[in-house]
Amino acid sequence: MTNDVTLYDRDPQYIPRVAAVHDMCGYGKCSLTAAIPILSAAGCDVCPVPTALFSAHTMYRDFTFHDTTDMLPGYLDAWKKENVELDAVYSGFLGSADQVSIIQRLYDEYPTSLRLVDPVMGDGGKMYPTYTKELCEAMGRLADGADILMPNLTEASILTGREYPGQNIDDEQAESWVQALLDLGAKNVVLKGIDREDGSIRNYVASARLGGAGSKVELVHEKLPFMIHGTGDAFASSLCGAVMAGKNLADSARIAGEFVRSAMISTRNQPRYKERGVSFELNLSELTSLVG
């Protein structure tokens, strides 16, 4: 069972180092502005690798976008010269197709590090506006060998080449989608955001080594009656934090789901919350307690 999959053996006196390969938004709660505090709260030393710089996230009408691809080889060269050590590589939003090879360079230079892949490409059946077909195809190369692959159904459809089915899929369909993702070469899969319009959100967790999709674990969380931008990044970051705290995969996904739910409740009290994104600051103690 997936409940038996523990990917990281945490020494309580050691602070693991996680390369967070993601974009940075000056305004709007997502990407590195989520990953850095969330992983830090879970007791990790976060080492950012910024893939793009945005003035605000792409749900705003006006934003600036700067692709950082050209600076990253020198950035990682400097790390190598300083003998930077990493325990995990957590990747999310990419600024260009060429950045996939940069992540693969990290895999080559840190072969014992966990590969945690959130294939951030879109939601609701649509790609994000800065993404191209070339970039989506390149993103698929990160699935093969991923210790954890964490797509939503939009991203799963892009990765597998299957038609986007909408958010409402039954248990048999969920198993088929999970197996298709495992067939890409992922060692473990967390399929996010199944919504059967019954008041719950479901995530599915499965391991190629322990029964595949047929032994998947279903995790059910209360669906709140509003949507907020950035919950996917908060979920992936808190899942990674729980994994690095030594929790098994199914428990990590459960912890992430409940963390996001709690943060969404806190968020609703904030001004312009629907556009600004999920405000998780008041809930970080939930993750700190994992390593207390």
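A salt bridge here is a side-chain nitrogen of Lys or Arg within 4 Å of a carboxyl oxygen of Asp or Glu. Arg272 and Glu275 form one, with their closest N and O atoms 2.3 Å apart.

This is a predicted model, in which local features need pLDDT of at least 70, side-chain atom pairs count only at pLDDT 80 or more, and totals for chains, interfaces and linings use all residues. Residues are numbered from 1 along each chain as its sequence is written, and side-chain values use heavy atoms, with hydrogens and water left out.

**Salt bridges**

The count of salt bridges comes to 17. The table gives three of these pairs.

| Pair | Closest N and O atoms |
|---|---|
| Arg272 and Glu275 | 2.3 Å |
| Arg202 and Glu218 | 3.3 Å |
| Lys80 and Glu109 | 4.0 Å |

Arg272 has a relative accessible area of 55%, so it is exposed.

Salt bridges that share partners join Asp77, Lys80, Arg105 and Glu109 into one network. Within it, Lys80 pairs with Glu109. Lys80 lies in helix 2 (residues 72-81) and Glu109 in helix 3 (residues 99-109), so this bridge ties together parts that are 29 residues apart in sequence. Helices (H or I, at least four residues) and strands (E, at least two) are DSSP runs, numbered from the N terminus. Lys80 is exposed at 52% relative accessibility. Glu109 is partly exposed at 28%.

Arg202 forms a salt bridge with Glu218. Arg202 sits in strand 10 (residues 200-207) and Glu218 in strand 11 (residues 217-222), and the pair links distant parts of the chain, 16 residues apart. Arg202 is buried, with a relative accessible area of 11%. Glu218 is partly exposed, at 36%.

**A negative patch**

Which residues gather in a patch of negative charge on the surface? They are Asp67, Asp70, Asp98, Glu134 and Glu137. Patches are made of residues with over 30% relative accessible area and no salt bridge; like charges are joined within 9 Å, and nonpolar side chains (Val, Leu, Ile, Met, Phe, Trp, Tyr) within 5 Å. Accessible areas come from the Shrake-Rupley method with a 1.4 Å probe, and for residues only the protein chains shown count as cover. Lys and Arg count as positive and Asp and Glu as negative, while His and the chain ends are not counted. A charge is placed at NZ of Lys, CZ of Arg, CG of Asp or CD of Glu. One member, Glu134, belongs to helix 4 (residues 133-139). Glu134 is exposed, with a relative accessible area of 56%.

**Strand 3**

Phe65 lies in strand 3 (residues 65-67). His66 is found in strand 3 too. Phe65 is partly exposed at 35% relative accessible area, and His66 is partly exposed at 46%.

Contact means heavy atoms within 4.5 Å. Not counting residues up to four places away in sequence, Phe65 touches Ala52, Leu53, Phe54, Gly95 and Thr130. With its neighbours within four places left aside, His66 is in contact with Ala52 and Leu53. The C-alpha atoms of Phe65 and Cys25 are 9.3 Å apart, and the two residues are 40 apart along the chain. For His66 and Val117, 51 residues apart along the chain, the C-alpha separation is 22 Å.

**Loop residues**

Ser31 is not a glycine, yet it has a positive phi of about 55°. Ser31 sits in the loop between strand 1 (17-25) and helix 1 (32-41). Its relative accessible area is 4%, so Ser31 is buried.

Asn83 also has a positive phi of about 55° although it is not a glycine. Asn83 occupies the loop between helix 2 and strand 4 (88-91). Asn83 is exposed, at 60%.

Is Asn283 buried or exposed? At 8% relative accessibility, Asn283 counts as buried. Asn283 lies in the loop between helix 9 (273-276) and helix 10 (285-288). Leaving aside neighbours within four places in sequence, Asn283 is in contact with Phe259, Ser262, Ala263 and Ser266.

Terms used: Buried means under 20% relative accessible area, exposed over 50%, partly exposed in between (1.4 Å probe, protein chains only).
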